[in-house]
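Q: Could you help me look through the aromatic rings in this one, step by step?

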Amino acid sequence: MASQSEAALENNLIKTLVDGGYEQVLIKDEKELESNFKQQLERFNNTTFTDDEFKKILIHLEGGSIFEKAKKLRDQYELSREDETFYVKFLNKKEWCKNIFQVANQITMEGTYKNRYDVTILINGLPLVQIELKKRGVELKQAFKQIQRYQLHSFHNLFNYVQIFVISNGVNTKFFSNNSELNYNFTFFWKDKNNNNINNLEDFATTFLEKCHLSKMISQYIVLNETKKYTDGFKSISVLCC
């Protein structure tokens with residue numbers, strides 16, 4: 001099979017997701033990421049936040065480890081208003097299809113270094129899935145190591161809410177949960193009903209990344225390990241079908 005560039009893989013993946021009901025959104029940098037987050041959070045909560053209220057929400061979301069952020073994602077934030085207390089929700093954990101699903105690409109984040117991320121899936125405006133692509137023929141470990149560098153150099157603020165990473169070279173695709181100690185041994189293939197690996201990126205996108213299924217995976221199958229204070233999961237479900 002002829003080599004396929006990262007750009008071609010990226011474009012085909014986005015098309016597949018859009019065909020599956022995702023909204024494609026242009027987000028260039030952290031400022032636009034926060035602006036989009038405000039809009040989607042208002043849609044999801046059926047309200048409008050003042051600038052001061054949104055700042056309070058961002059401050060609430062900023063603090064803590066990856067583990068603590070994963071807990072905040074699943075909880076509600078008690079926002080005090082003049083005439084009421086409003087409970088801000090970030091994720092619908094029971095009616096998975098009622099979340100808001102978007103896909104963006106080439107978001108630039110600056111930390112120790114400036115990085116541009118391949119494909120980002122946003123749920124209710126938060127970046128919850130990050131996909132790193134390599135052209136066909138490149139080992140998946142290279143994509144994994146790049147995510148490790150991103151985590152070290154530029155992941156911060158809202159990008160610390162990423163729950164799932166996906167790595168693919170088009171013909172092989174794996175996924176793993178976010179935590180502070182990324183380990184390639186805990187990357188997994190998704191399986192079909194006959195327990196065969198779903199390797200092809202497009203097939204993975206139409207099964208694992210299907211909107212309602214992905215939301216269900218994040219809501220039900222990422223375990224918050226209170227003892228070790230990290231996000232865990234997928235070790236036992238990597239053999240299950242969609």
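Q: Is F144 buried or exposed?
A: In this predicted model, where local features need pLDDT of at least 70, side-chain atom pairs count only at pLDDT 80 or more, and totals for chains, interfaces and linings use all residues, F144 is buried with a relative accessible area of 4%; buried means under 20%, exposed over 50% and partly exposed in between, with a 1.4 Å probe and protein chains only. Residues are numbered from 1 along each chain as its sequence is written, and side-chain values use heavy atoms, leaving out hydrogens and water.

Q: And Y184, how exposed is that?
A: Y184 is partly exposed, with a relative accessible area of 22%.

Q: Which aromatic cluster are they in?
A: F144 and Y184 belong to one aromatic cluster, which also includes Y117, Y150, F155, F159, F165 and F176.

Q: How many aromatic pairs are there in the whole structure?
A: A search finds 18 aromatic pairs, where rings of Phe, Tyr and Trp (its six-membered ring) pair if their centres lie within 6.5 Å, and planes under 30 degrees apart count as stacked, over 60 as edge-to-face and the rest as tilted. One of them is the edge-to-face pair of Y22 and F101, with 5.9 Å centre to centre and 75° between the planes.

Q: New topic: which ring does the charged end of R81 sit over?
A: The charged end of R81 sits over the ring of F86, 4.6 Å from its centre, which counts if NZ of Lys or CZ of Arg is within 6 Å of the ring centre and within 35 degrees of the ring normal.
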